[in-house]
Amino acid sequence: MKNLKKFLALSLAVVLTAGVTACGSSSDNGSQKSGKEVYRTLDEIKEDGTINIGVFSDKNPFGYVDENGDYQGYDVYFAERLAKDMGVKVNYVSTEAANRIEYLQTGKVDVILANFTVTEERAEEVDFADPYMNVSLGVVSKEDNEITTLDDWNKDDSVIVISGTTAETYLTKNYPDIPLQKFDSYATAKEAFENGTSVAWANDNTEVLAFALQNADKGYVVGIPELGSSDSIAPAVTKGNDTLRDWINEEIKTLGEEQFFHADYEATLADTYGLDYEDSLVVEGGKKSE
Amino acid sequence: MLDLGLDVLFKGSNMLRLLQGLWVAMQISLVSIAVSMPLGILCGGLMTMKNKLVRFIFRVYLEIIRIMPQLVLLFIVYFGSTRVFGWNLSGETASVIVFVLWGTAEMGDLVRGALISIPKHQYESSEALGLSKIQTYRYIIIPQTVRRLIPLAINLITRMIKTTSLVLMIGVVEMLKVAQQIIETNRMTSPNAAFGVFLVVFILYFLACWPISMLAKYLEKRWR
Amino acid sequence: MNWDFIAEYLPMYERAAILTVKLGVIGIVFAILVGLICAMIQYHKIPVARQIVAVYIELSRNTPLLVQLFFIYYGLPKLGANLSPEVCGIIGLAFLGGSYMAESFRSGLETIAPIQRESALSLGMTNRQAMQYIILPQAVSMSVPAFVANVIFLLKETSVFSAISLMDLMFTAKDLIGLYYKTIESLFLLVVFYLIILLPVSILGSLLERRMRHAGFGS
């Protein structure tokens, strides 16, 4: 009896110390890992009957939760359709910008549909499917102190960015002297921006435009509507999960025939943007028109 | 009248969702406490053993767990373990693991503290009175230990409930995240929602923890 | 483990560690002040103030720091109180820590038997002298272990500052994971830096505790 207790306690302690020190001692693992794959193939998802999709829960009108607790928005509209056509139920996983890659690499979600901009660095870590929206960076500021350029920056002012977004990467790389005020969620960043923490907020131009339009009465303007290169937004899957990615690509192509993303735009984004931006934002059938 | 942004709570099922968020947090702490109580008692008992190696191992475990901020532990288990071992843990599971590890360490320390706080002469007196070892523990040591322990253990429950607010950071949708979602959805119609909603979250946490603290205080006084 | 990455981002962690320690220390100093004032009010049973202190202690001890910070940083500006994240962090830490400090001082004061105060008074000391020379020195040394435990607790709590966009150790780790996807390296540095900060305090704490136990004979 006594020995058993000792053994139990010992093994417990060993497991615990191993767990705590493991991240220090593992020497040669990067993103790749030997043995079992972390992702679930298309068949495994179908068999399970539920697909896990990572979306934003605080990024109105792309991914948010309404007052009845239901997920809504442009990304969610697409996610619903994806799951329906696959014949599975959808389980939404609320994600923050900085967690998106992590969630895919650790198999916590099957797909990320969280306004995920395609970049080269990200493409090394995850696999992107075909795009479904255009995006670039933008900067929103107050009317009475409109920011129209990032050159000759006054060092006492800061710019709000969200940790793990392309805006953060872009500003860190190209404007290292601009002080950044970093937040980990859309909700906190917007709250702080409204409270006057910083003079400007840099993010996807779709998002800053939506913010300016939704808060037009408070005097917000998008002083810089396009910054850096023009990019696209696409679903992402775990690196190597080809069955799932191919299926999504097929799906996007098929949906193009019925102009699905235009309908998505009209259902979720038109309230915010009006119809003026429909053709410039939406990418149909996975092919960007030049 | 000053707009405190409380109106959003009465929209749709917002208030109910907030309470569900609190329930998620409570569940995590209740499951964790239920598991870490017996483990902690075992751990505390082992820490008072004469065996130096056992004591040393537990000492190291206790120090490592107690010195790291809980948020760091959550990150290590949630993100680190998946990377190193390939485990796929949900945020909830990762939270329970961390809270059990932490709760066991804290509980173990409380048990150890309570056991060594019984003066040696009590053991000696019982022996002198002719009580057997089992009798000594059964009638003298354990009742006293338990009385010292229970209020402290109850306090640990409130500490756990409070600490569950951190699980927001590893993607668990609990009360604070629900609060953020509510504020975000109503940003246009109710610009001051951040004040009202966070105030309500503050009050709800207080209402969840305060009665438990009061119980601990009452027992402590009564059994002193 | 990518050591080049670690070398490259070491300075970032150093800055974050300095911020963590700076805010932690300032917050703790204020917490001590708040705690001392509250303990004195309770010890001397000052009416009204005493009830306010009691309510404050319950509110502060039964709510999480993260929620307190969210309310201070995101909620209060709606009423016009716009504070920088640093100030919010310090206020939050002082608000939370004040009650813990007060409790440790109070229990320290309670261990001093009333007869000591009475004896001091009967020796012709004034109330203040009794406090200054007889009660406080003993009470302070009695509350040292709880005090050190509180300091460690509060330093650990600073990890939630990341939620109000302070670039502390926690946020730096989170940010690097999000920017460069180097999870293992970022977490490794995080653990190392917290150990550098907390281990000395913890060791100091157990040394003091051991000395205290020798001093407290008779009990």
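The model is predicted; local features need pLDDT of at least 70, side-chain atom pairs count only at pLDDT 80 or more, and totals for chains, interfaces and linings use all residues. Residues are numbered from 1 along each chain as its sequence is written, chains are lettered from A and ligands numbered from 1 in the order in which they are written, and side-chain values use heavy atoms, with hydrogens and water left out.

Chain B contains 8 helices and 0 strands. Helices (H or I, at least four residues) and strands (E, at least two) are DSSP runs, numbered from the N terminus. The order of elements from the N terminus is α-α-α-α-α-α-α-α. Chain B is more spread out than a compact globule, because its radius of gyration is 22 Å, well over the 17 Å that the globule rule gives for 224 residues. This radius is taken over C-alpha atoms, and the globule rule is 2.2 Å times the number of residues to the power 0.38. The C-alpha atoms fill a box of roughly 75 × 45 × 25 Å along the principal axes.

Of the 224 residues in chain B, 55% are buried. Buried means under 20% relative accessible area, exposed over 50%, and partly exposed in between (1.4 Å probe, protein chains only). Contacts are heavy atoms within 4.5 Å. Among the contacts in chain B with a separation of 6 or more, 76% join residues 24 or more positions apart.

A:Glu194 lies in helix 7 (residues 186–194) of chain A. Its relative accessible area is 16%, so A:Glu194 counts as buried. The side chain of A:Glu194 makes a polar contact with that of A:Lys218, at 3.4 Å. A polar contact is a pair of N or O atoms within 3.5 Å; within protein, one must be able to donate a hydrogen and the other to accept it, and residues adjacent in sequence count only if both atoms are side-chain atoms. Beyond residues up to four places away in sequence, A:Glu194 touches A:Phe211, A:Asn215, A:Lys218, A:Tyr220, B:Arg187, B:Pro191 and C:Lys78.

C:Ile112 sits in the loop between helix 4 (85–110) and helix 5 (114–122) of chain C. C:Ile112 is buried, because its relative accessibility is 9%. Leaving aside neighbours within four places in sequence, C:Ile112 contacts C:Ile135, C:Gln138 and C:Ala139. C:Tyr180 is 68 residues away from C:Ile112 along the chain, and their C-alpha atoms are separated by 57 Å.
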